[in-house]
Amino acid sequence: MLQTRLTRLLGIRYPIIQGGMSWASSNASLALAVSRAGGLGTIAAGPMYPHDLLAAIQAVRAGTDAPFAVNIPLYNKRAQEHMDIAVAERVPVIIASQGGPQKHLARARAAGIKWLQVAASPVHAHKAQAAGVDAVIAVGLEAGGHPGPDEIGTLVLARAVARAIEIPFAVAGGIADGAGIAAALCLGADGAQLGTRFLLTPESGLHAAYKQAVLAAGVADTTLVGRGRSPVRMLRNAFAREYAAAERGGASDAELDALFGGSTLKQSAKDGDVDGGKVEAGQSAGLIDALCPAGDVVAELVRETRQALARGGELLAA
């Protein structure tokens with residue numbers, strides 16, 4: 001076991017959270033495999049119909065007694081329905097993103113649910129603490145999907161959040177191995193959230209073409225699309241190049257909005273259109289060499305984390 005404030009809070013063996021990734025973890029399989037292995041598996045509710053979310057929660061619960069989480073983007077049109085299901089089912093953990101916790105937190109508390117709030121700045125982390133959440137997940141610029149508009153790198157963000165709050169927090173963005181987890185712990189975090197690493201597993205619900213595109217990517221093969229809107233870190237593909245060319249060419253806001261909205265994550269994640277769709281992935285894609293079962297990934301992360309922490313001890317003893 002690798003015990004921190006976060007593992008004790010959540011009742012998990014290792015300070016490893018599998019990120020809630022739309023389509024990739026909008027199922028029971030990935031969350032179940034990670035939770036069984038000792039991390040915190042997360043069902044991504046975002047694109048799910050309510051009955052599918054309920055079925056996934058019940059499937060994970062039937063497959064393990066270990067804690068798991070449901071990620072709910074609070075801006076989503078189905079957020080209220082998703083929250084109702086999560087509270088009624090008394091899921092162990094809710095991870096909330098893209099919206100403040102105040103509207104729903106009391107209900108979750110009454111149901112005995114732990115609440116983790118995603119934040120992309122120390123200011124938002126402090127506000128989440130003041131609202132009464134149990135812990136924070138601080139997401140840096142390197143992360144795939146939707147990093148914060150302030151574009152704060154993970155290294156700096158981790159230290160800033162450690163100085164801004166007293167409650168436990170995990171850090172995300174650019175972490176793909178145990179050395180990254182050990183670094184997060186040394187920066188003052190109580191754990192790490194990994195998205196892209198768990199995206200590249202058989203259990204993730206993505207099209208094979210999506211997985212192969214991410215697996216082939218290097219550390220410089222992602223880009224941030226849509227600055228000033230809702231920025232997305234994704235692979236450089238035909239859509240990303242078209243959007244960048246439109247920006248350079250002085251396209252109007254309306255034209256950029258139309259172009260941005262004309263490409264979706266679903267195109268790539270479900271249909272395999274990795275040229276025209278948004279292929280969300282973090283810079284850590286360039287650190288991943290193989291597609292491995294999620295349980296094996298957790299075991300390897302734990303081994304690597306212990307190895308990295310032991311090296312730190314050896315340096316102190318030298």
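**Exercise 1. Find where Ser-25 sits and list what Ser-25 is in contact with, leaving aside neighbours within four places in sequence.**

Step 1: Ser-25 lies in the loop between strand E1 (16-18) and helix H2 (29-36); helices (H or I, at least four residues) and strands (E, at least two) are DSSP runs, numbered from the N terminus. The model is predicted, so local features need pLDDT of at least 70 and side-chain atom pairs count only at pLDDT 80 or more, while totals for chains, interfaces and linings use all residues. Residues are numbered from 1 along each chain as its sequence is written, and side-chain values use heavy atoms, with hydrogens and water left out.

Step 2: Collect the contacts (heavy atoms within 4.5 Å). Ser-25 is in contact with Gln-18, Gly-19, Gly-20, Leu-30, Thr-42, Ile-43 and Ala-44.

Step 3: Ser-25 has a relative accessible area of 0% and is buried (buried is under 20%, exposed over 50%, partly exposed in between, with a 1.4 Å probe and protein chains only).

**Exercise 2. Describe the largest nonpolar core and say where it lies.**

Step 1: Recall the term. A nonpolar core is a set of buried Ala, Val, Leu, Ile, Met, Phe, Trp, Tyr and Cys residues joined through side-chain atoms within 4.5 Å.

Step 2: Take the count. The largest core has 79 residues, and Ile-16, Ile-43 and Phe-198 are among those with the most contacts inside it.

Step 3: Locate the core. Domain 1 (5-205 + 288-317) and domain 2 (208-271) both contribute residues, so this core lies between them; the bounds come from an automatic or database domain assignment.

Step 4: Look for another. A second, separate core of 15 residues includes Leu-10 and Ala-172.

Step 5: Zoom in on Phe-198. Beyond neighbours within four places in sequence, its contacts include Ile-16, Met-21, Leu-30 and Val-297.

**Exercise 3. Work out how many residues of domain 1 and domain 2 are in contact, and how much area the two domains bury between them.**

Step 1: Count the residues. In domain 1, 21 residues are in contact with 14 residues of domain 2.

Step 2: Find the area. Together the domains bury about 1,400 Å², 64% of it on carbon and sulfur atoms; buried area is the accessible area (1.4 Å probe) that two parts lose on being put together, summed over both.

Step 3: The domain centres, taken over C-alpha atoms, are separated by 24 Å.
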